[in-house]
Amino acid sequence: MLNILSFLFGLVSLVIVIPATIPFLGALNWLALPLIVIGIIVGQLSSSNSGRNFNLIVLLVAVIRLSLGGGIF
């Protein structure tokens, strides 16, 4: 059950992260980061690792995009 909840957090944050790859919308990643962290924590509490791993991939995409934009854009 926690794995499904972790996937849901990951999907919601992915919906936020994908448009944030467009220039000047990178600040949306700051909104997605807390959701990703919550998803990672919930996935860590689960017996399965797939939800946590999905959230880690979304986190990697968001952090790379933030680093390319200098943290704002």
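**Overall architecture**

The chain contains three helices and zero strands. Its pattern, read along the sequence, is α-α-α. The model is a predicted one, and the points below are grouped by topic.

**Dimensions, surface and contacts**

- Along the principal axes, the C-alpha atoms fill a box of roughly 40 × 15 × 15 Å.
- The accessible surface of the chain is about 4,400 Å², and carbon and sulfur atoms account for 83% of it.
- Buried residues make up 32% of the 73 residues in the chain.
- Among contacts in the chain with a separation of 6 or more, 68% are between residues 24 or more positions apart.

**The nonpolar core**

- Eight residues form the largest nonpolar core: Val-17, Ala-32, Leu-33, Ile-36, Ile-40, Val-58, Ala-62 and Leu-66.
- At least two residues of this core are supplied by each of two helices, H2 (28-45) and H3 (50-68).
- Helix H2 provides the largest share of this core, with four residues.
- Val-58, one of the core residues, is in contact with Gly-10, Ser-13, Leu-14, Val-17 and Ile-36 when neighbours within four places in sequence are left aside.

**The aromatic pair**

- The count of aromatic pairs comes to one.
- The pair is formed by Phe-7 and Phe-54, whose ring centres are 5.5 Å apart.
- The planes of these two rings stand at 35 degrees, so the pair is classed as tilted; an angle under 30 degrees would have counted as stacked, and one over 60 as edge-to-face.
- Phe-7 belongs to helix H1 (residues 2-17) and Phe-54 to helix H3, so that the pair links distant parts of the chain, 47 residues apart.
- Phe-7 has a relative accessible area of 31% and is therefore partly exposed.

- Leaving out residues up to four places away in sequence, Ser-6 touches Gly-39, Val-42, Gly-43, Gly-51, Arg-52 and Asn-55.
- Asn-3 also lies in helix H1; with 14% relative accessibility, Asn-3 counts as buried, because the limit is under 20%.
- Apart from neighbours within four places in sequence, Asn-3 is in contact with Ser-46, Ser-48, Ser-50 and Gly-51.

**An exposed residue in a loop**

- Phe-24 is placed in the loop between H1 and H2.
- The relative accessibility of Phe-24 is 67%, so this residue counts as exposed.
- The phi angle of Phe-24 is near 70 degrees, which is a positive value in a residue other than glycine.

Definitions and conventions
Residues are numbered from 1 along each chain as its sequence is written. This is a predicted model: local features need pLDDT of at least 70, side-chain atom pairs count only at pLDDT 80 or more; totals for chains, interfaces and linings use all residues. Side-chain values use heavy atoms; hydrogens and water are left out. A nonpolar core is a set of buried Ala, Val, Leu, Ile, Met, Phe, Trp, Tyr and Cys residues joined through side-chain atoms within 4.5 Å. Buried means under 20% relative accessible area, exposed over 50%, partly exposed in between (1.4 Å probe, protein chains only). Contact means heavy atoms within 4.5 Å. Rings of Phe, Tyr and Trp (its six-membered ring) pair if their centres lie within 6.5 Å; planes under 30 degrees apart count as stacked, over 60 as edge-to-face and the rest as tilted. Accessible areas come from the Shrake-Rupley method with a 1.4 Å probe; for residues, only the protein chains shown count as cover.
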